[in-house]
Amino acid sequence: MTTNTRELPDGVKSATVLAQGNGRCSPQTGEYPPPISVGVTYARDSGYALRDGKAYTRDQGSAGLEHVERLLALVERGTDALVLSSGLAASTAVFQALAPGSRVIVQEVQYFGLTKWLREFGADQGLRVVTVPNGNLDSMRAAVTAEPTALVWIETPANPTWVVTDVAAVAEIADGAGAVLAVDNTVPTPIHTNPLALGAHLVMHSCTKYLNGHDDVMAGALITDGSKPELWRRLMLQRQLAGQVLGGLDAYLLLRGMKTLSARMRVISPSALAIAEHFDDHPDIERVAYPGLAGDAGHKIAAAQMTGGYSGMLALLVRGGLRVSLDVARQTELFIPATSLGGTASLIEHRYTFEGAGSRTPENLLRLSIGLEDPGDLIADIEGAIARARSRG
Ligand SMILES: *Cc1c(COP(=O)(O)O)cnc(C)c1O
């Protein structure tokens, strides 16, 4: 609240807002960036009153959290944002804020951690969870209109098969039924998609991924369009009383990471497209899943709702099934064989192994998170790994 002495002019682009970290400096000294705020408690004044309305960071947040929240709200075209301790903390807070008995609609393919949470705790929370196939508007419409629905949760492109959903079309369906539409916008990032501008009510991010961008912070965020004030009140109360708050040092690192988001996406997204194009029609690859490819099933919708690129996530479905695909993941020299995504270093993951029991991911799917390396080096690395995996026969 009070650290912020300067607002950027209206209408400036996200790249500008991000580069300047929302341009805020210390009101006392002008120091830019403003000091890192780590305090968890606040001394009262001599009249025993709170000086700035804050008593405790879990309850009212902190200047550091508010700084990054304001930046998130600006780049997602929202009215307010809430930073939490991980992406899943942000996702599950939304489901936990609903009244018992609420009917919620999710997609078959989505971040597997959320699917697992809904399977384990959804019914205990009194939620009636309905699952629809991704990218099928007729099924979505039928599900939403069948019975009163509290929440529609979508992810596009959906991890890890990168199926595309038309956000504006689902927003129209949800609005018509009085349901809240929440969109996991982790992969497109606000650089390539602003779901609130397409009619969604709530955006969720795993800030662990592209927003922080350096594999060294776990954080999540929710951003509201301001149209569901009661839900937003309950979400703020969720963080306050269930306590999924982010520490001050991590909030600072997240802000610092976000300053380069636009520059990173300008390198990552074209690089991912070049790699996807290289492996499209490759003799050792059955299919490449990447919405930027002209032949991808979701390309038309993606081209209409994503701006400036298709982000850095793709999947290679390798010929030769589980054995060969696992071998490729074990044979790369540049791609790091690790989970997560959205950092500076490229990662390769045999997703079925990571998801384990209950996974519906194809056994020959390799998930690639493209980083900032030279795309030619990355292509050569996968080609080499394929050759070594094949030669093991
Ligand atoms: C990683 C991820 C999440 C979960 O975020 P965490 O920060 O790991 O809790 C949710 N959705 C998507 C699309 C993700 O990639």
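This is a predicted model: local features need pLDDT of at least 70, side-chain atom pairs count only at pLDDT 80 or more; totals for chains, interfaces and linings use all residues.

Residues are numbered from 1 along each chain as its sequence is written, and side-chain values use heavy atoms, with hydrogens and water left out. Helices (H or I, at least four residues) and strands (E, at least two) are DSSP runs, numbered from the N terminus.

**Ligand site**

- The ligand is surrounded by 15 residues, of which Leu88, Asp184, Ser206, Thr208 and Lys209 are the closest; a residue counts as near a molecule or strand if one of its heavy atoms lies within 4 Å of it.
- Two elements, α4 (87–96) and β6 (202–206), each supply at least two residues of this shell.
- By class, the shell holds 6 nonpolar, 6 polar and 3 charged residues. Here Ala, Val, Leu, Ile, Met, Phe, Trp, Tyr, Cys and Pro count as nonpolar, Asp, Glu, Lys and Arg as charged, and the others, Gly among them, as polar.
- Polar contacts are pairs of N or O atoms within 3.5 Å; within protein, one must be able to donate a hydrogen and the other to accept it, and residues adjacent in sequence count only if both atoms are side-chain atoms.
- From the backbone, a polar atom of Gly87 is 2.8 Å from an oxygen atom of the ligand, and an N or O atom of Leu88 lies 2.8 Å from a ligand oxygen atom.
- Thr208 contributes a polar side-chain atom that lies 2.7 Å from an oxygen atom of the ligand.
- The ligand taken alone exposes 380 Å², and the protein buries 94% of that; accessible areas come from the Shrake-Rupley method with a 1.4 Å probe, and for residues only the protein chains shown count as cover.

**Largest pocket**

- Pockets and cavities are found on a 1 Å grid over the protein atoms alone: a cavity is a set of points where a 1.4 Å probe fits but cannot get out, and a pocket is an open set with protein on both sides within 12 Å along at least five of seven lines; lining residues have an atom within 4 Å of a point.
- Grid points are joined across faces, edges and corners, and a volume is the space filled by probe spheres set on the points.
- The largest pocket holds about 350 Å³ of space.
- Its lining has 20 residues, and those nearest the centre are Glu108, Val109, Thr115, Arg119 and Arg360.
- At least two lining residues come from each of β2 (103–107), α5 (112–122) and β3 (128–132), with α5 giving the largest share, 4 residues.
- The lining comprises 7 nonpolar, 9 polar and 4 charged residues.
- The largest pocket lies between domain 1 (14–258) and domain 2 (262–391) because both give residues to its lining; the domain bounds come from an automatic or database domain assignment.

**Cavities**

- The whole structure contains 2 cavities of 30 Å³ or more.
- About 120 Å³ of space lies in the largest cavity. Of its 12 lining residues, Pro35, Ser37, Gly64, His67 and Leu255 are the closest to its centre.
- Both α3 (63–75) and α10 (248–258) supply at least two residues of that lining; the largest share, 4 residues, is from α10.
- The lining of the largest cavity has 7 nonpolar, 5 polar and no charged residues.
- The second largest cavity has about 30 Å³ of space, and its lining residues include Gln107, Met140 and Val170.

**Backbone features**

- The peptide bond from Tyr32 to Pro33 is cis, with omega near -10°, and Pro33 lies in the loop between α1 (14–19) and α2 (57–60).
- Asn22 lies in the loop between α1 and α2 and has a positive phi of about 65° although it is not a glycine.
- Thr156 and Pro157 are joined by a cis peptide bond with omega about -15°; Pro157 is in the loop between β4 (151–155) and α7 (167–176).
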